[in-house]
Amino acid sequence: MKKTILSGFVLLLIFATCKTARQSEKTAVTQPALDCSTMDVTYSFDIKPVFETFCFECHGEKEAEGGYNFMMISEIKRAAKSGALLGSIKWKRGFSRMPEKAPQLDAQTINKIECWIKNGMKE
Ligand code: HEC
C-alpha cells in the first residue's frame, strides 16, 4: 500500500514538471509586436531589389506562378492586401512557403516587407 502511494506521488510529480516545462516553452515562442515607427521603407529602394533577387524568377516575365507577376507593383500590393504575401514569406500555415524550394528570407528582410505594408506601401 505504501508503495502504491509513493509511486502515485512520483507520477504526479513527473506530470507536474512536464506541465511547467511545456508552459515556459509556450511563453518563449510569443514574439513582441513589430515596431515600424522608425522604419522608412520604400518600394524602389528596399522592396523591389528583394523581389528581383528572390521572386522574379517565378513571378515575373517568364512565369506568373500562382497568378502573380511581381514585376508590377500592383500585383505586390494585391498579394499584400489579401494577406498571401506575408503568409507565404513567413511560412504561415495555410499558405505556400516562399520563395519556393529555397531557404526562408532572413528576419530583417521579412520585417522590412511587413513594415512597408504597415506603413502604407510607399513607392
Ligand atoms: C522557384 C519558383 C518560385 C519562387 C522563386 C517564388 N515563388 Fe511564389 N509561387 C511559386 C508557385 C509555383 C506558386 C503557386 C503554387 C502555390 O501556391 O504553391 C507560388 C505562389 C505564391 C503566392 C501565393 C501563395 C498562396 O498560398 O496564396 C505568393 C504570395 C507568392 N508565391 C509569393 C512569392 C514571393 C514573395 C517570392 C519571393 C520572396 C516567391 N513567391 C518566390 C513559385 C515560386
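## A helix crossing and a ligand shell

Helix α2 passes helix α5 in a left-handed crossing. A crossing gets that label if the near helix is turned anticlockwise from the far one by less than a right angle, and it would be right-handed if clockwise. What you are looking at is a predicted model, in which local features need pLDDT of at least 70 and side-chain atom pairs count only at pLDDT 80 or more, whereas totals for chains, interfaces and linings use all residues. Residue numbers start from 1 along each chain as its sequence is written.

### The crossing up close

How do the axes of α2 and α5 cross? The axis of α2 (residues 43-54) and that of α5 (residues 107-118) come within 11 Å, and they cross at roughly 125°. This angle makes α2 oblique to α5. For reference, angles under 35 degrees count as roughly parallel, over 145 as roughly antiparallel, 65 to 115 as roughly perpendicular, and the rest as oblique. The axes are lines fitted to C-alpha atoms, for helices over the stretch in contact, and the angles run from 0 to 180 degrees between N-to-C directions.

On the α2 side, Asp46, Ile47 and Val50 make the contact, while α5 brings in Thr109, Lys112, Ile113 and Trp116. Residues are in contact if their C-beta atoms, placed from the backbone, lie within 7 Å. By class, the residues of this contact are four nonpolar, one polar and two charged. Here Ala, Val, Leu, Ile, Met, Phe, Trp, Tyr, Cys and Pro count as nonpolar, Asp, Glu, Lys and Arg as charged, and the others, Gly among them, as polar.

Apart from its neighbours within four places in sequence, Asp46 is in contact with Val41, Lys112 and Trp116. Asp46 counts as partly exposed because it has 17 C-beta neighbours inside 10 Å. A residue is buried if 20 or more other C-beta atoms lie within 10 Å of its own, exposed if 12 or fewer, and partly exposed in between, with C-beta atoms placed from the backbone. Glu52 is also found in helix α2, and with 13 such neighbours inside 10 Å it counts as partly exposed.

### Around the ligand

Which residues are closest to the ligand? They are Cys55, Cys58, Glu65, Gly66 and Ser96, out of 20 that surround it. A residue is near a molecule or strand if its C-beta atom, placed from the backbone, lies within 6 Å of it. The shell has 12 nonpolar, four polar and four charged residues. Helix α4 (residues 84-89) supplies the largest share of the shell, four residues.

Cys58 sits in the loop between α2 and α3 (73-82). Leaving out its neighbours within four places in sequence, Cys58 is in contact with Glu63, Glu65 and Glu100. Cys58 is partly exposed, because 18 other C-beta atoms lie within 10 Å.

| Pair | Separation in sequence | C-alpha to C-alpha distance |
|---|---|---|
| Cys58 and Tyr68 | 10 residues | 8.8 Å |
| Glu52 and Met71 | 19 residues | 8.1 Å |
| Asp46 and Ile113 | 67 residues | 8.4 Å |

### Backbone details

Most residues other than glycine have a negative phi, and most peptide bonds are trans. The peptide bond from Met98 to Pro99 is cis, with omega near -5°, and Pro99 is found in the loop between α4 and α5. Lys101 lies in the loop between α4 and α5 and has a positive phi of about 50° without being a glycine. Lys101 counts as exposed because it has 7 C-beta neighbours inside 10 Å. Met121, in the segment after α5, is not a glycine but has a positive phi of about 50°. With 16 C-beta neighbours inside 10 Å, Met121 counts as partly exposed.

### The whole chain

How many helices and strands does the protein have? It has five helices and zero strands, and from the N terminus the elements run α-α-α-α-α. Helices (H or I, at least four residues) and strands (E, at least two) are DSSP runs, numbered from the N terminus. Of the 123 residues in the protein, 13% are buried. Among contacts between residues at least 6 apart in sequence, 53% join residues at least 24 apart.

Note on methods. Contact = placed C-beta atoms within 7 Å.
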